[in-house]
Amino acid sequence: MAESATLAIDAKAKALNAAGGDVIGFGAGEPDFPTPVHIVEAAAEACRDPRNHKYTPTGGLPELKDAIAAKTARDSGYPVAAAQVLVTNGAKQAIEEAFATLLDPGDEVLLPAPYWTTYPETVRLAGGVPVVIPTAEATGFRVTVDQLSAALTPRTKVLLFVSPSNPTGSVYPRDEVEAIGRWALEHGIWVVTDEIYEHLVYGSAVHYSMPVLVPELESQCVVINGVAKTYAMTGWRVGWMIGPLDVIKAATNLQSHATSNVCNVAQRAALAALTGDLDAALAMRAAFDRRRQTMVAMLNEIPGVTCVEPEGAFYAFPSFEAVLGRTVAGRTAGTTLELASTILDEARVAIVPGEAFGFPGYARLSYALGDDELVEGLSRMGKLLAGVV
């Protein structure tokens with residue numbers, strides 16, 4: 001397995017900063033805001049409660065599972081029972097366990113590209129085969145039913161669907177979500193839909209949950225979510241999967257031998273997050289929206305760089321294709337992987353090359369960092385690529 005490119009780049013940027021390197025990192029998908037105070041206070045109180053010092057049910061604290069079911073109905077209109085919920089150590093573990101539960105060796109998973117770097121690795125870890133379907137900037141990086149049909153084989157088992165998307169920030173409109181859901185239903189294909197960025201949509205974009213638009217899909221759909229992005233809780237490691245009872249039971253059995261229960265203190269914090277209001281989340285979204293517009297405008301001012309406006313998440317996915325082959329600071333980059341290395345070395349700016357997402361020629365930049373840092377980092381990169389160091 002390859003290491004996570006996003007975490008590796010973030011770790012390198014942090015190491016350079018620790019050594020006095022003054023690196024601005026656009027790598028990690030991590031809000032720069034602290035976790036809201038009421039959530040932290042709930043965790044502190046949980047630390048003092050002896051009940052949280054012991055093992056608890058593998059599938060999650062019963063009250064947290066109830067809260068996840070209630071939150072899912074409230075936020076996406078999807079009615080589910082607490083028994084359909086498995087609480088996991090972050091949404092990443094939920095994705096891994098979903099594939100481990102659904103896939104037999106050789107089963108194929110349709111994976112639209114650009115894709116989050118972890119998806120293909122978790123498919124392979126479960127013995128599956130990722131079938132990459134390239135999308136295009138011209139279509140908003142959204143896969144079409146015709147493309148899915150062309151990739152369908154007798155071994156196709158799962159479609160991985162993501163909206164809002166990491167890394168592109170694309171958001172599927174209602175009719176496309178429904179059409180893809182109907183296609184999966186017609187062909188008996190499971191859908192694993194990652195909704196971790198559901199609250200981070202901008203402008204007129206709206207997040208739609210596929211099993212809400214296609215209720216008949218519920219028996220062959222797994223929904224992934226968590227508190228990391230909405231509540232600035234990436235380090236707390238609480239996610240979940242929602243699915244049919246037999247899938248959740250099997251995944252819970254797997255987790256009982258892998259990690260047992262999720263940290264009880266983190267679960268109590270997640271409970272406070274989900275049962276509280278969304279005021280802090282909405283304030284963070286407003287800041288991300290402002291930074292999104294700044295980033296897109298500044299990227300499009302850099303010679304050779306073009307960037308479509310993302311509608312969700314907190315990433316921009318600009319094209320650097322017109323920069324490749326040029327000499328930058330005495331170095332000629334033939335790939336975005338090489339270009340990202342040059343930008344880090346020469347401008348002290350960390351970006352994630354498109355190769356990590358199955359889409360060379362592009363790169364992902366997170367705008368989940370402070371406004372001043374964002375402007376400084378993009379200014380450095382712009383000066384470097386304009387040949388002014």
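Q: What makes the sheet of 7 strands an open one, and in what order do the strands lie?
A: In this predicted model, the 7 strands follow the order 2-8-7-6-5-3-4 with mixed pairing, and the sheet is open. Its edge strands are strand 2 (85-88) and strand 4 (129-134), each of which pairs on one side only. From one strand to the next, the twist averages 20 degrees.

Q: Why are both faces of strand 2 called covered?
A: In a regular strand, side chains alternate between the two faces of the sheet. On one side of strand 2 are V85 and V87, on the other L86 and T88, and all of these are buried, which means that each has under 20% relative accessible area.

Q: Which strands does helix 4 lie across, and how does helix 4 run relative to strand 7?
A: Helix 4 (residues 90-102) lies across strand 2, strand 3, strand 5 (156-162), strand 6 (190-194), strand 7 (221-226) and strand 8 (239-242), and runs at about 165 degrees to strand 7.

Q: Why is the count of disulfides 0?
A: A disulfide needs a pair of cysteine sulfur atoms within 2.5 Å. The sulfur of C263 has its closest cysteine sulfur in C47, at 7.7 Å, and this is too far for a bond; the count is therefore 0 disulfides.

Q: Why are C47 and C263 called partly exposed?
A: The term covers values between the buried limit of 20% and the exposed limit of 50%. C47 has a relative accessibility of 44% and so counts as partly exposed, and C263, with a relative accessible area of 45%, is partly exposed as well.

Q: How many cavities are counted, and what lines the largest cavity?
A: There are 2 cavities of 30 Å³ or more, and the largest cavity holds about 130 Å³ of space. It is lined by 17 residues, of which P112, P114, V162, S165 and Y172 are the closest to its centre. Strand 3 and strand 5 are the elements that give two or more residues to this lining.

Q: What is the volume of the largest pocket, and which helix gives the most to its lining?
A: The largest pocket contains about 490 Å³ of space. Among its 25 lining residues, those closest to the centre are G29, K92, W116, K229 and R237. Helix 1, helix 4 and helix 5 (118-125) each supply at least two lining residues, and helix 1 gives the most, with 4 residues.

Q: Which residues of helix 12 are buried, and what do they pack against?
A: In helix 12 (residues 336-347), the buried residues are T336, L339, A340, T342, I343, L344 and A347. They pack against helix 1 (5-18), strand 10 (327-328), strand 11 (331-332), strand 12 (349-350), strand 13 (352-353) and helix 13 (371-385). Just after helix 12, R348 takes a positive phi of about 55 degrees.

Note on methods
Residues numbered from 1 in each chain as written. Predicted model: local features only at pLDDT ≥ 70, side-chain atom pairs only at ≥ 80, totals over all residues. Heavy atoms only, no water. Buried < 20%, exposed > 50% of the residue type's maximum accessible area, 1.4 Å probe, protein only. Pairing = 2+ DSSP bridges. Axes fitted to C-alpha atoms, helices over the stretch in contact; angles between N-to-C directions. Contact = heavy atoms within 4.5 Å. 1 Å grid on protein atoms, 1.4 Å probe; cavity = no way out; pocket = protein on both sides within 12 Å on 5 of 7 lines; lining within 4 Å. Points joined across faces, edges and corners; volume = space filled by probe spheres on them.
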